[in-house]
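Subject: Handover of the structure and notes on it

Dear colleague,

Please look through it first and then compare it with what I describe below.

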Amino acid sequence: MTEDNKPITPEIVEDENTDADGQLVQQIEKPDILYLIPITGRPHLPAQVQPLMVSKKRWEQTLMKASKDSKNLLGIAYIKEVKGKYVYKEDFPEVGCVVRMMNVTDVKGNIQFIAQGLERFRIKRFISDKPPFVVQVEYFKKVKENEDELKAYAIAIINAIKKLLSLNPLYGEEVRQYLGMFSPEQPSPLTDFAAGITTATGDSLQEILESVSIMDRMKKVMMLLQKEIEIAKLQSKIQKDVNTQVDENKRKFFLMEQLKAIQKELGLQKDDKTSDVDKFKEKFAKLSPPEHVVKRFDEEVEKLSVLETGSSEYGVTRNYLDWVTSFPWGIYSKDNVDIKRAEKILGRDHAGLSDVKERIIEFFAAGIYKKDIAGSIILFVGPPGVGKTSIGKSIAEAVGRKFYRFSLGGMRDEAEIKGHRRTYVGALPGKLVQALKDTEVANPVIMLDEVDKIGMSYQGDPASALLEVLDPEQNSEFLDHYMDLRIDLSKVLFICTANQLDTIPRPLLDRMDRINLSGYITKEKMEIARKHLWPRLLKRNNLTSKVITITDPTIRHLIEGYAREAGVRNLEKLLNKMIRKSIVTILKKKKKKIRLNIKSLEDLLGPPIFKHEKQMTGIGVVTGLAWTQMGGATLPIEAVKVHEKSPGIKLTGKLGDVMQESATIAYSHVRSNMSAFNIDEKYFDKAFIHIHVPEGATPKDGPSAGVTITTALVSLATKKSIKQNLAMTGEITLTGEVLPVGGIKEKIIAARRTGIREIILPQGCTPDFKKLPEHIKEGITFHFAKKYKDVYKVAFK
């Protein structure tokens, strides 16, 4: 349509002469005005007949007008891609193809028609630059060219097409017949046909469409055909190689099947079932199982031999027999225990812990004497990072047994210990059976880590399941639910670890021989860092002591200022951090050697986390000693008189019930013995006293602060301060008895760390005190109190 919306009457040109494409045009109407639509993918060439599909919503009006006004003649131009929602005249190329529309039909919102390519055209101008697009066109004029050369190229193109058709089976018989319609006398349609059957890109075909010279067109098409032939040859070769491989595999498969059939007939080969049975019998013959296991094995093998290999029961029975024959029935490793060798291994792997090493050596000595290191369940209790797991590995090495460790932390299912019953899908034996299978001996060292963190759920209580495992009187006939056989665990050396005892069930705790690992003092930590941690970290980072060195004062400052916990795990992390930062410095500043000193600590780790703990002093202020899961700690207690309006006592500091009762007992004891402490008899009739334990966010509980609270009340009432650098611990009773408490070693280590030089302990703690190493007690004066009056004499001397 023109701008005034009047219908277009195209001028029809009738020509009976030969056109520019070299073909005879007999009464083909060539309008100089055409309706135009775009196509994507590939351009349409003259001599091509193929279906096209366009959007009905966008191009229906154009097709209707072309059918009515242009006698089904339509201009088609190739656009590489439509970048927006609409098509603009700038998107169209100069050259397109006139097609005749045939068999126009609706197909699901689109219009499909057969497009018969007729002739090239060049757009002179746009009459309508909006859909429906209308253009004025001109047709290519014939260029005079060498007829013989054209004919030679045409023959070459025909031969190339025939060669391509023979190589590529994708071209059907219709293409072969259509090729017969062309002859070397018609080079232009032959060239367009040849270009159309290639897999060339749209841009390449558009270049051919725009070529005026037939000779140029034929040269370009020959290049495309040669490329197609090479690709077809490569595809043919690949297909041939694949077919050869497949045929070879088929041949091998058939030959193998025939060989199996022949061997089976001659009795030279067994089927899968017989092979399984023989394999299990062979494995079982190498073991020394008890009689009840042999009986069960024979029953299961007999069952397996009558089952079909494809049945689910066959798979269950086969897996069961696999476990039974993989279990080390009667296979024991020989113990290689020598007291001196054991002491050497323990001393090599662990610094300090002399009391723990002594207890382990005693255990070894007893085992050597009775020629059986079993029957005792060892429990290592201590803060994190003190070496509980590594001691277990050293014990296994000293004994000469295989070591297996698994963690009980968070375990909630009893079946993890005793196994699942075989009736369940995916059933497996418990961890203990798996441990013996993996170690391949019936007497390994098994470490049960984090025994204090076992969970409980509706699936059972694993702690209760451990009662049978860890009882020397019962574990000789341990029953795993999956195996359903009595297993002797009495030769296994069990080692358990825990951070605390409160969460371990009492019946389970009674079955264990407890060894406490209290933690390390600064001297021991320095030795561990120097002999173990620092060399291991250097090796892990592919370094030597010549590249990065650290001084002893630096290690001491690191321990006292950054890593005061009972264990050495945090100390190892800090040393590793220092090495990493030092490596960065080496790479950035191209240094060959770095020396770490006290001054460089703050640059690498920041300001010290722990300052030197100054003991709180004054009237009503007394330092106590406490035990925590992380080791020992000092516990200052403050008492002040608030007012004299009414008597009473107030407690703060997030104290537990037991500690609150201790404070009440201390208050009652002081009030009932005021004359013995030279306290005014009317003091407590008026005074309202507030007792506070600092670090209020930390929960505190236990009876060991009884004597400390009592001393704080006496100090407040008499207005006297206690001695400097003095700390105490012990439970108080209403009658003034001082009862023993636990955690003595941890408390003394905490006192040393704070600089305390005098400690009051209950008389009942004397046996624990005598067991302590001398280097822990060195430099501290100890007093032992049976009654509170003994504490009073020392504190207020």
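This is a predicted model: local features need pLDDT of at least 70, side-chain atom pairs count only at pLDDT 80 or more; totals for chains, interfaces and linings use all residues.

I begin with strand β9. All five of the five residues of β9, which spans residues 445-449, are buried, and the strand is therefore largely enclosed by the rest of the structure.

Next come the charged pairs. How many salt bridges does a search of the whole structure find? The search returns 33, and I describe three of them here.

Asp 203 and Lys 80 meet through their side chains in a salt bridge, at 3.3 Å from N to O. This pair links distant parts of the chain, since Asp 203 sits in helix α5 (residues 202-209) while Lys 80 sits in the loop between β3 (73-78) and β4 (95-107), 123 residues apart. With a relative accessible area of 39%, Asp 203 is partly exposed, whereas Lys 80, at 59% relative accessibility, counts as exposed.

A second salt bridge is formed by Glu 313 and Lys 303, whose closest N and O atoms are 3.8 Å apart. Because Glu 313 belongs to helix α9 (residues 312-326) and Lys 303 to helix α8 (residues 291-306), the pair ties together parts that are ten residues apart in sequence. Glu 313 counts as partly exposed at 36% relative accessibility, and Lys 303 is partly exposed with a relative accessible area of 30%. Both residues also belong to a network of salt bridges that links Glu 300, Lys 303, Glu 313 and Arg 422.

Glu 644 counts as partly exposed at 45% relative accessibility, and Lys 641 is partly exposed with a relative accessible area of 33%.

Turning to the aromatic residues, the structure holds 17 aromatic pairs. One of them joins Phe 92 and Phe 126, whose ring centres are 5.9 Å apart and whose planes stand at 50 degrees, so the pair is classed as tilted. Phe 92 lies in the loop between β3 and β4, and Phe 126 in strand β5 (residues 110-128), so that the pair ties together parts 34 residues apart in sequence. Phe 92 is buried, with a relative accessible area of 9%, whereas Phe 126 is partly exposed, with 21%. Trp 59, Phe 92, Phe 126 and Phe 133 form one aromatic cluster.

Lys 700 is found in the loop between β19 (688-692) and α23 (706-718). Is Lys 700 buried or exposed? Its relative accessibility is 10%, and because buried means under 20%, Lys 700 counts as buried. A polar atom of the Lys 700 side chain lies 2.8 Å from the backbone oxygen of Gly 653, and the side chain also reaches the backbone oxygen of Pro 694 at 3.4 Å. Residues up to four places away in sequence aside, Lys 700 touches several others, including Leu 635, Met 659 and Val 693.

Ala 717, in helix α23, counts as buried at 11% relative accessibility. Apart from neighbours within four places in sequence, Ala 717 is in contact with Ile 679, Tyr 683 and Phe 684.

Finally, the structure holds zero disulfides. Cys 97 counts as buried at 0% relative accessibility, and Cys 765 is buried with a relative accessible area of 1%.

With best wishes

Terms used
Residues are numbered from 1 along each chain as its sequence is written. Side-chain values use heavy atoms; hydrogens and water are left out. Helices (H or I, at least four residues) and strands (E, at least two) are DSSP runs, numbered from the N terminus. Buried means under 20% relative accessible area, exposed over 50%, partly exposed in between (1.4 Å probe, protein chains only). A polar contact is a pair of N or O atoms within 3.5 Å; within protein, one must be able to donate a hydrogen and the other to accept it, and residues adjacent in sequence count only if both atoms are side-chain atoms. Contact means heavy atoms within 4.5 Å. A disulfide is a pair of cysteine sulfur atoms within 2.5 Å. A salt bridge is a side-chain nitrogen of Lys or Arg within 4 Å of a carboxyl oxygen of Asp or Glu. Rings of Phe, Tyr and Trp (its six-membered ring) pair if their centres lie within 6.5 Å; planes under 30 degrees apart count as stacked, over 60 as edge-to-face and the rest as tilted.
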